[in-house]
Amino acid sequence: MPKERIGIMGGSFNPIHDRHLAIAASALAEAKLSRIIFLPTGNPPHKRTLGLEDAEHRFEMTRLAIIREQRFTASRLELDRQGVIYTIDTLTLLKKQMPNAEFFYIIGEDTLLDLHNWRAPDKVFALCTFLVCRRITSDASAHPLVRQLEARGAKFIYLSLPPLDTSATEIRARLARGEQPEQLPLQVFEYIRLMGLYGMPHAIPNAQSLYRRLREALSDRRLNHSLLVAATARRLAALHGLDEVQCELAGLLHDCAKCIPLAALQRIAREHNMLLDKETLANEALLHGPVGAVLAETLYGVSDMSILAAIRCHTTGRVGMLPIDMALFLADKIEPSRRPYPDLLEVRALAETSLVAAMLRSLRSTQQYVTRQKAPLHPTTQRVIAWLERLPVTIKERST
Ligand SMILES: [Fe+2]
Ligand SMILES: [Fe+2]
């Protein structure tokens with residue numbers, strides 16, 4: 001049986017950004033790896049003076065950034081160990097855990113020229129092959145030091161990714177100014193906002209405890225989706241003059257009941273004497289909306305009625321829905337990780353300029369899909385389409 005080829009990507013990931021992901025993707029393809037383990041470093045002494053965020057936050061950001069790539073995993077191996085951790089210790093541990101694997105350690109060219117200073121370099125060379133990512137314009141592979149290292153048994157594979165200087169320092173500086181660096185995955189940026197990391201002001205009161213609770217209630221993919229819906233709803237709010245914090249919070253919590261089995265959703269609906277039609281009660285894809293609103297109020301402490309109403313109707317829409325309801329409904333449909341569906345690009349484009357037009361396109365798309373499947377259309381969807389079609393243009397874009 002061929003050995004499993006495992007990439008190792010160490011780093012402080014302070015924060016993880018697109019360049020890290022591009023390097024990992026390049027390593028995966030070019031070295032034909034089966035998977036890559038991301039190893040965020042733990043908290044060194046005096047971390048604050050280095051501008052290093054807490055290890056748990058760096059680990060969570062790493063986890064979120066790679067959540068959708070099944071061949072990437074985040075490991076707590078270096079995070080949970082005390083004191084200075086040398087690569088030889090990490091590699092020895094990994095080898096013990098996976099004796100039949102072949103390891104590929106991903107490094108930058110600057111690290112390559114420092115390898116001889118590592119602890120027990122010869123043992124490290126015996127345990128892994130280095131995948132070298134270009135960082136400087138001159139070619140490090142021609143450096144005399146590299147020849148010496150190869151003579152000692154070091155093995156190098158050079159990745160073809162062109163050099164690109166992505167500075168985490170610059171990313172942190174932009175975050176401190178309240179900006180959104182384009183090199184950050186959206187869900188990582190949303191996490192940073194919620195947690196108030198790198199000097200970003202806290203946007204949502206109590207966001208840390210909301211996030212912790214949500215993390216326990218949702219699958220990883222659903223959590224990722226919720227962060228992306230929160231970010232997208234906030235962007236739609238900014239575009240359409242709505243309350244950004246309301247929309248962001250509605251986005252964050254909209255699927256808080258999504259991972260609850262149907263029988264438990266029905267029990268919650270009964271316990272709260274919810275008046276629901278039989279189609280909604282029989283279908284978890286619909287029922288998690290109204291039950292989610294109840295949980296947002298009772299478990300997550302949301303008292304803002306407009307946020308609760310938006311969560312309640314995010315699965316079907318409602319006649320008389322307000323712009324915040326539309327912003328959430330649409331954010332759910334167009335967030336960047338949505339699997340493509342026929343009208344996605346059109347709905348996305350319409351949402352930039354008109355919530356009503358985007359709602360109509362989205363609901364008609366659902367209507368066409370349901371008709372093709374020869375399934376009955378939920379009566380609310382039908383009524384909402386008719387209501388949106390009757391809206392005079394002047395009212396269509398009114399903000400309240
Ligand atoms: Fe949902
Ligand atoms: Fe959703």
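**Figure 1. Domain division of the protein chain in the predicted model.** Domain 1 covers residues 4-168 and domain 2 covers residues 232-396. Between the C-alpha centres of domain 1 and domain 2 the distance is 42 Å. Along the principal axes, the C-alpha atoms of the protein chain fill a box of roughly 75 × 45 × 40 Å.

Figure 2. Of its 400 residues, 38% count as buried.

**Figure 3. The open sheet of 6 strands.** The strand order is E3-E2-E1-E4-E5-E6, with parallel pairing. At the edges are strand E3 (72-74) and strand E6 (156-158), each of which pairs on one side only. On average, neighbouring strands of the sheet are turned by 30° against each other, direction ignored.

**Figure 4. Pairing of strand E1 with strand E2.** Strand E1 spans residues 4-11 and strand E2 spans residues 35-40. The two strands pair in the parallel sense over 6 bridges. Gly 11 is placed opposite Pro 40 in E2.

**Figure 5. Helix H1 packed on the sheet.** Helix H1 is formed by residues 18-30. The strands that H1 touches are E1, E2, E3, strand E4 (101-108) and strand E5 (128-133). The direction of H1 makes about 160° with that of E1.

Definitions and conventions: Residues are numbered from 1 along each chain as its sequence is written. Chains are lettered from A and ligands numbered from 1 in the order in which they are written. This is a predicted model: local features need pLDDT of at least 70, side-chain atom pairs count only at pLDDT 80 or more; totals for chains, interfaces and linings use all residues. Two strands pair if DSSP finds at least two bridges between them. Helices (H or I, at least four residues) and strands (E, at least two) are DSSP runs, numbered from the N terminus. Axes are lines fitted to C-alpha atoms, for helices over the stretch in contact, and angles run from 0 to 180 degrees between N-to-C directions. Two residues are in contact if their C-beta atoms, placed from the backbone, lie within 7 Å. Domain bounds come from an automatic or database domain assignment. A residue is buried if 20 or more other C-beta atoms lie within 10 Å of its own, exposed if 12 or fewer, and partly exposed in between; C-beta atoms are placed from the backbone.
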